[in-house]
Amino acid sequence: MLKPGIVTALGAMSGTSLDGVDAAVIQTDGVTIAGFGPSAYRPYSVEEQAALKAVLGRWPDPELEDVAELIETAHAQVLAGFNAVDLVGFHGQTLAHDPDSGRTHQLGDGQVLADVLECPVVWDFRSADVQMGGQGAPLAPFFHFALAKYIKADAPVAFLNLGGVGNITYVDPRRPKVEADGAILAFDTGPANAPINDLMMDWFGYDHDADGATALAGTADQGIVDQFLNHSYFARIPPKSLDRDAFAGLAEAVDGLGPEDAAATLVAACAQSVARALEHCPTRPERLLVAGGGRKNPAIMQALYYATQCRVVPVEDVGLDGDMLEAQAFAYLAVRVARGLPTSSPSTTGVSAHVGGGTLSQPRA
Ligand SMILES: Nc1ncnc2c1ncn2[C@@H]1O[C@H](COP(=O)(O)OP(=O)(O)OP(=O)(O)O)[C@@H](O)[C@H]1O
Ligand SMILES: CC(=O)N[C@H]1[C@@H]2OC[C@@H](O2)[C@@H](O)[C@@H]1O[C@H](C)C(=O)O
């Protein structure tokens, strides 16, 4: 049993960009944020990234045992460095995501981690939502609402996460509770770093475009971007979510360009898909608060400003840690699951009612 009141939760996220495992501590009662604690990062080696990439798109299958072990071991290594933790939230590695067929797959067994860490672990956050007809993603939005209160925002703000895929949460902090009508609207915006990382790997053997240097040396092909934005996804009314490689056509379209122009085109596609996303928000948010690795890419930040004409700032501007927001989110959501509180709603995943997903595994003696 989780003790009442504020607890110390540790969250771990291994996202779609496949760069590594982020882990971070939060103090919360599952509603308000009392504070943040330490964090750590455990990068995947190039070999580990290749092993993960090789199984993208796969559904649960006993042959994935070795990769599951790789994921569990990497998480155990980073999570074992924390102490005095009441609860762990373990996202796992998304390999495949197809909410339209009621399926999403996060590889990694939370029971294994509960046993190794000797701590209760909440995991499998997305299945219940997709089984009830929701998108199963994004799930960070309930946390974003709590964050907007924590930073004392008094006008609508948007949290934009730029990981492998982009997702946005529009928050109206004037609403008293996350469950209130109009409190949040969230959805995936489009591809973010994943296609850029893949391009860099194919051309140069690097796993990302450090500081956007390649993209900044190129010119975007607006014709390709326009064609990409013609995809029905961008006109679709949210909530909506994406698989990592949902826009394979974009990577093919930039195939004939040199690496600089290709990278610049992928950056423009990312930024302009965010601009399209803002058209779905109830009002124009006062600020775009950017988290995730994309905020460290100046080519993306510049393109975002041009495409949206919004104030585009990293979440560090409001005192948050943009590298750790998702890990903190899954710590926060773990507490909500343990307390029986919902983690998604019609305005975040499109599920018909509020849903509290997640499995709680206790350590076995
Ligand atoms: N200095 C940098 N310059 C350019 N890109 C960067 C830089 N730092 C990080 N990135 C990009 O950010 C990515 C990591 O972002 P992040 O950690 O938010 O991803 P993630 O957790 O896998 O995401 P998600 O789960 O949201 O898809 C890297 O793979 C890289 O593409
Ligand atoms: C299925 C899945 O793992 N989706 C991720 C992915 O990465 C970003 C975007 O697509 C978002 O929808 C989600 O992650 C974040 C953490 C979320 O659920 O809020």
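Modeller: Ligand 1 lies between domain 1 (7-136 + 324-361) and domain 2 (152-318), because both domains give residues to the shell around ligand 1; the bounds of the domains come from an automatic or database domain assignment. This is a predicted model, in which local features need pLDDT of at least 70 and side-chain atom pairs count only at pLDDT 80 or more, while totals for chains, interfaces and linings use all residues. Residues are numbered from 1 along each chain as its sequence is written, and chains are lettered from A and ligands numbered from 1 in the order in which they are written.

Biologist: How many residues surround ligand 1, and which are the closest?

Modeller: A residue is near a molecule or strand if its C-beta atom, placed from the backbone, lies within 6 Å of it. The shell around ligand 1 has four nonpolar, 14 polar and five charged residues, where Ala, Val, Leu, Ile, Met, Phe, Trp, Tyr, Cys and Pro count as nonpolar, Asp, Glu, Lys and Arg as charged, and the others, Gly among them, as polar. Altogether 23 residues surround ligand 1, and the closest are Gly15, Ser17, Gly163, Gly292 and Gly293.

Biologist: Which helix gives the most to the shell around ligand 1?

Modeller: Helices (H or I, at least four residues) and strands (E, at least two) are DSSP runs, numbered from the N terminus. With three residues, the helix that gives the most to the shell around ligand 1 is α6 (residues 193-204).

Biologist: Which residues come nearest to ligand 2?

Modeller: The shell around ligand 2 draws at least three residues from each of domain 1 and domain 2, and β4 and β8 (165-171) each supply at least two residues. By class, this shell around ligand 2 divides into five nonpolar, nine polar and two charged residues. Of the 16 residues around ligand 2, those that come nearest are Thr94, Ala137, Pro138, Ala140 and Val165.

Biologist: Which element gives the largest share of the side of domain 1 that touches domain 2?

Modeller: The C-alpha centres of domain 1 and domain 2 lie 22 Å apart, and 21 residues of domain 1 are in contact (C-beta atoms, placed from the backbone, within 7 Å) with 21 residues of domain 2. On the side of domain 1 that touches domain 2, the elements that give two or more residues are α1 (46-54), β4 (87-98) and α13 (325-338). The largest share of that side, three residues, comes from β4.

Biologist: How do α6 and α11 lie relative to each other, roughly parallel or roughly antiparallel?

Modeller: Axes are lines fitted to C-alpha atoms, for helices over the stretch in contact, and angles run from 0 to 180 degrees between N-to-C directions. The axes of α6 and α11 are 9 Å apart, and the two helices pack at an angle of about 170°. Angles under 35 degrees count as roughly parallel, over 145 as roughly antiparallel, 65 to 115 as roughly perpendicular and the rest as oblique. The two helices α6 and α11 are therefore roughly antiparallel.

Biologist: Which residues make the contact of α6 with α11?

Modeller: The residues of the contact of α6 with α11 divide into nine nonpolar, no polar and no charged. From α6 come Pro195, Ile196, Leu199 and Trp203, and from α11 come Pro259, Ala262, Ala263, Leu266 and Val267.

Biologist: Why does α8 count as oblique to α11?

Modeller: Helix α8 (residues 222-229) and helix α11 (residues 259-278) have axes 9 Å apart and pack at an angle of about 40°. That angle makes α8, in relation to α11, oblique.

Biologist: Where is Leu18 found, and what is its phi?

Modeller: Leu18 is found in the loop between β1 (7-14) and β2 (20-28). A positive value in a residue other than glycine, the phi of Leu18 is near 65°.

Definitions and conventions: Two residues are in contact if their C-beta atoms, placed from the backbone, lie within 7 Å.
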